[in-house]
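Subject: Structure for you to look at

Hello,

Here is the structure I said I would pass on. Please open it first, then read the notes below it.

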Amino acid sequence: MTTIVLMVVLVGIVLYIVGLYNGLVAARNGYKNAFAQIDVQLTRRYDLIPNLVETARGYMKHERETLEAVVQARNAAVSGLAGAKAQPGDAQAMQQLAGADNQVTQALGRLFALSEAYPDLKANQNMMQLSEELASTENRVAFARQAYNDGVMNYNNRREMFPGSLIAGRFGFQAAEPLPIEDAAKRAAPKVAFG
């Protein structure tokens, strides 16, 4: 009888440990999936930028530096996104992506500020459509970022709380890094409306 009770307790402990491990795996996969949604939205954003620059180029012939800055920021952000995609949750990759994406936001802000001086550009149907798509994408990025950061918090809580911390340490579950926004001024989506 003692052997049966001991076996039941042992099986219960093993099942509990398996449950903790599987919970950590599910949380890690959850934040990685949430990052995949950020990847989709940022890729969409970065794909819109060349079309926006080409539309503006015809009207803003004397603003070559601004257009080049937008393209360079976009290219740096695409590289940052590729690095973060390879290692979602990695602190350095998330910081690089956040910095590169902030550069894109700043460059686009300068582009839209300059475009105010070009009434024909503001009235261009293609430019209006692109800016509307970009604004919509900015909202999607914000929602995807929030879902990712929530997933990271859930995962980190599971791996840091007892008894999950015992399992996480033994099986190499590393802390995940949220995708930050560096300062309050950058927290607002850039205004892309014309008119």
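**The nonpolar core**

The largest nonpolar core has 46 residues, and those that touch the most other members are Phe-35, Tyr-46, Leu-52, Leu-97, Leu-108, Leu-111 and Tyr-148. A nonpolar core here is a set of buried Ala, Val, Leu, Ile, Met, Phe, Trp, Tyr and Cys residues joined through side-chain atoms within 4.5 Å. Buried means under 20% relative accessible area, exposed means over 50%, and partly exposed is in between (1.4 Å probe, protein chains only). At least two residues of this core come from each of H1, H2, H3, helix H5 (125-160) and helix H6 (164-171). The largest share, 14 residues, is from H1. Helices are DSSP runs of H or I with at least four residues, numbered from the N terminus.

This is a predicted model: local features need pLDDT of at least 70 and side-chain atom pairs count only at pLDDT 80 or more, while totals for chains, interfaces and linings use all residues. Residues are numbered from 1 along each chain as its sequence is written, and side-chain values use heavy atoms, with hydrogens and water left out.

Leaving out residues up to four places away in sequence, Leu-97 touches Phe-35, Leu-42, Tyr-46, Ala-77, Gly-80, Leu-81, Ala-84 and Leu-179. Contact means heavy atoms within 4.5 Å.

Leu-24 is in helix H1, and it counts as buried because its relative accessible area is 2%. Beyond its neighbours within four places in sequence, its contacts include Tyr-155, Arg-158, Ile-167 and Phe-173.

**Helix H2**

Buried residues in H2 include Thr-66, Val-70, Arg-74 and Leu-81. H1 and helix H3 (91-115) are among the elements that cover the buried residues of H2.

**A cis bond**

Most peptide bonds are trans. The one that joins Phe-162 and Pro-163 is cis, with omega about 5°. Pro-163 lies in the loop between H5 and H6.

**Val-9**

Val-9 is in helix H1 (residues 2-57). Val-9 counts as partly exposed because its relative accessibility is 45%.

Regards
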